[in-house]
Amino acid sequence: MSASREQFGSRLGFILAAAGSAVGIGNLVGFPVAAAKNGGGAFLFIYAVFVIFICLPVMMAEISIGRHTQHAPMNAFRSLSYGHRGWTFAGFLSLITPYMIAVFYTVITVWLFGYLWEAATGGLANLADPNYFGAFINSNDVFLHLIAVEAIVFFILFSGVKGGIERGAKIMMPTLFVMLIALVLFVLTLDNAFAGVRYYFVPDFSKINSSVINTALSQAFFSLSLGMGIMITYGSYMQRDDDLPSSAKFVAATDTLVAFIAGLLIMPAIFSFNPDTNTADLSDSSVGLIFTFLPKIFLAMQTSIGYVGASLVASLFFLLVFFAAITSLVSITEVPNSALMGSAKYSRTRSLSIIGASMLVFTVLCVFSFGRIEGLTQFMTYAGVNKSFFDVIIDVFYDTILPLNGLLACLLVLTHWKRTNFHRELERGSPNYRNSWLEKYVDFSLRTFIPAILLIIFINTVALKYFGVSLIG
Ligand code: PHE
């Protein structure tokens, strides 16, 4: 345990940084669409139940593993299992996962930055052109935007845990919240906005089936940044006597609140553009929605607020999502960086330079996988679908492996760390947690149904993604 390990300066610092990680593109765009397509209020209800009853205990397990061991994922696993090889490999999975997610998330953040730039410099009409996206992602401008995004992310990371990550979150998170509320208030004034609100809230329980349940749980898991090693790493920077259970509750509540509110932005905007929208027509992918559908909606606003007004709304929206993406990207890049600093005893600067340079190679490979290089564009085929290098990274690391990592963290707690030690860590700085209902619930759920559910989700996703068979509906 190193005495000089960096720390967040305060409990609020931890909460904002962890919430900054959790609030991402998934909340702002993925969640509202998933809710609208899958039963509105019924989905919201199921989602909230999953956050509270399944994700919160997993989040508490991850944060406490980090705080107790004072290590990033791989060393944390190694230390709790006393160097057991199998568990070291499990820890390695929690390290390679964020590394690869950081690669693809960088690509999307770069696109966001490009769209922000274009909207803010008067090019909203270009963004609304259906051919723009395809041309943009293969243009050389992407490299300029890549440099800008990397400069921002690495500037924050070079400034350290407290001076960079925490300070960045303290600036960006409140700003993000204000922008979100301002945009919501604005879209609610548009014609037909309330048709969208109705669609979002009115529960349709007939849409709920096992695959919707799977979607809700996966969405909640991603949204809370679980299974990515982030909560372990940020936990290792948390002060030892901070109240861990209530910090975790705050992070989960903030993330969920932002997702719910984002629905009040996206759904009214979609319905004001086309009151007869059938949400079945909406794209399943956040990427499709952000980069092709929403720009059309923003441009259409020019009839009521003029081109400049519409450009302003679009710029604000892209800035909002960009901030959300940057705080997530910072957190996920810090995982491998923290691990390298811990194992190789490198300085922050040296370690970040190595991580940054190596990630850049993979990021550029992704950029070339949208048609520029054949071998990367048609990288693999499974379940009858052709996948690019970029798609494969998303499928394997983002869509598949997260529940497995969450499961492994739970099993590590149960088999090696032991529940009494785990609860002792949670009780530090939180005397009320001892013997509370929450403690009893966390204890029971983690040794019974949570691991079982995570295993089922993992197996079902593998069957569906790679073999085209759905085991649970
Ligand atoms: N929680 C993030 C989101 O909702 C997921 C994420 C976190 C992705 C960190 C990348 C890095 O988008």
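1. Helix axes first: an axis here is a line fitted to C-alpha atoms, for helices over the stretch in contact, and angles run from 0 to 180 degrees between N-to-C directions. Helices (H or I, at least four residues) are DSSP runs, numbered from the N terminus. This is a predicted model, where local features need pLDDT of at least 70, side-chain atom pairs count only at pLDDT 80 or more, and totals for chains, interfaces and linings use all residues. Residues are numbered from 1 along each chain as its sequence is written, and side-chain values use heavy atoms, with hydrogens and water left out.

2. Now look at helix 2 (residues 25-37) and helix 14 (residues 286-300): their axes sit 9 Å apart and cross at about 95°. So helix 2 is roughly perpendicular to helix 14 (that label covers 65 to 115 degrees; under 35 is roughly parallel, over 145 roughly antiparallel, and the rest oblique). I25, V29, G30 and V33 from helix 2 meet S286, L289 and I290 from helix 14; contact means heavy atoms within 4.5 Å. Sorted by class, that makes five nonpolar residues, two polar and no charged ones. Ala, Val, Leu, Ile, Met, Phe, Trp, Tyr, Cys and Pro count as nonpolar, Asp, Glu, Lys and Arg as charged, and the others, Gly among them, as polar.

3. Helix 11 (residues 210-223) is worth a click too. Its 14 residues reach 20 Å from first C-alpha to last, close to the 20 Å expected at 1.5 Å a residue (the expected span is 1.5 Å times one less than the number of residues). Ten of the 14 are buried, meaning under 20% relative accessible area, with exposed over 50% and partly exposed in between (1.4 Å probe, protein chains only). Among the buried ones are N214, Q219 and F221. The buried residues of helix 11 pack against several helices, including helix 1 (11-22), helix 3 and helix 18 (389-417).

4. Leaving out residues up to four places away in sequence, E62 touches S225, L226, G227, M231, I232, G406 and A409. E62 and C410 are 348 residues apart along the chain, yet their C-alpha atoms are separated by 8.1 Å.

5. What about disulfides? A disulfide is a covalent bond between the sulfur atoms of two cysteines. Here the test is a pair of cysteine sulfur atoms within 2.5 Å, and the count is zero. The sulfur closest to that of C410 belongs to C55, but at 10 Å it is too far for a bond. C410 is buried at 2% relative accessible area, and C366 is buried at 0%.

Methods: Helices (H or I, at least four residues) and strands (E, at least two) are DSSP runs, numbered from the N terminus.
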